[in-house]
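Please examine the sequence and the three-dimensional structure shown below. The paragraphs that follow lead through selected parts of the chain.

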Amino acid sequence: MTIICPACSYENPNDAEFCDACGYELGGVTASVAPTIVQSPEPISPAPTSTSGTFTPTPPPTFPTFPTVPTSAPSAATARLISKQSSSPTSEFLLDGSNAIIGKFDPDMGPVDVDLEGFSGDETISRNHAEIYQEGGAWKIKDLGSTNGVFIKQAGQSKFGARITTPEILNNGDEIAIAKIRFLFQSP
């Protein structure tokens, strides 16, 4: 018998505490639970375009748009982690190509580059959970020995893959689960 994850419908061993695909805490879920129907999120309208003479490209219709922090001209090494949570404290994180540590602030270890404190599910995040970086022109992510893992759902796939154990390449449109917290990865 297996336990069906109520978050992503992945079939887990009946003794699993967390979903092997998305990291969802299976706690009270039993092996006899039927899969739940996951509702699609409400469609998000594209942000209005500016009429002040500057050109604002219209984003692809399948990706939500969020306000961005003003920066100088973006480099080819820029990527974004866009929160999949509607009430997240930060809608997106801008990645500039340098190594970025994902985790939670700790007074003894100091700040992290992508701080997930305050996100729903942050209790499943390790202080130094993962690292996202660019290598040889490709974006990669690796787990830094976290308790609850890192999972990737490749663009066009319906399920998250198994917990990553080695650095994995990220492609535009991939979804990343840092334990229970999900992000959409976008790169040029």
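In which loop does Gly-23 lie? Gly-23 is placed in the loop between strand S2 (11-13) and strand S3 (79-83). Strands here are DSSP runs of type E with at least two residues, while helices are runs of H or I with at least four residues, and the numbering starts from the N terminus. The model is a predicted one, in which local features need pLDDT of at least 70 and side-chain atom pairs count only at pLDDT 80 or more, whereas totals for chains, interfaces and linings use all residues. Residues are numbered from 1 along each chain as its sequence is written, and side-chain values use heavy atoms, with hydrogens and water left out.

Gly-23 has a relative accessible area of 0% and is therefore buried. The word buried stands for under 20% relative accessible area, exposed for over 50%, and partly exposed for what lies in between, with a 1.4 Å probe and protein chains only. Not counting residues up to four places away in sequence, Gly-23 touches Phe-18, Phe-151, Ala-179 and Lys-180; contact means heavy atoms within 4.5 Å. Gly-23 and Arg-163 are separated by 140 residues in sequence, yet their C-alpha atoms are 8.3 Å apart in space.

One of the residues that Gly-23 touches, Ala-179, belongs to the loop between strand S11 (175-178) and S12. Ala-179 is buried as well, because its relative accessible area is 0%. Its phi is positive, at about 55°, although Ala-179 is not a glycine. Most residues other than glycine have a negative phi.

In the segment after strand S12 (181-186) stands Ser-187. Is Ser-187 buried or exposed? With a relative accessible area of 18%, Ser-187 is buried. Neighbours within four places in sequence left aside, Ser-187 is in contact with Thr-78, Ala-79, Trp-139 and Asn-172.

The next topic is a sheet. Five strands form an open sheet in the order S6-S5-S7-S8-S10, with mixed pairing. Strand S6 (114-115) and strand S10 (168-170) stand at the edges with a single partner strand each, so one side of each has no neighbour in the sheet. Two strands pair if DSSP finds at least two bridges between them. Strand S8 (residues 138-143) pairs with S10 in the antiparallel sense over three bridges, and Ile-141 has Glu-168 in S10 as its bridge partner.

Aromatic rings complete the picture. Rings of Phe, Tyr and Trp (its six-membered ring) pair if their centres lie within 6.5 Å; planes under 30 degrees apart count as stacked, over 60 as edge-to-face and the rest as tilted. By this rule, there are four aromatic pairs. The ring centres of Phe-93 and Phe-183 are 6.0 Å apart and their planes are at 65°, so this pair is edge-to-face. The pair links distant parts of the chain, with Phe-93 in strand S4 and Phe-183 in strand S12, 90 residues apart. Phe-93 counts as buried at 11% relative accessibility, and Phe-183 counts as buried at 1%. Phe-93, Phe-119 and Phe-183 together form one aromatic cluster.
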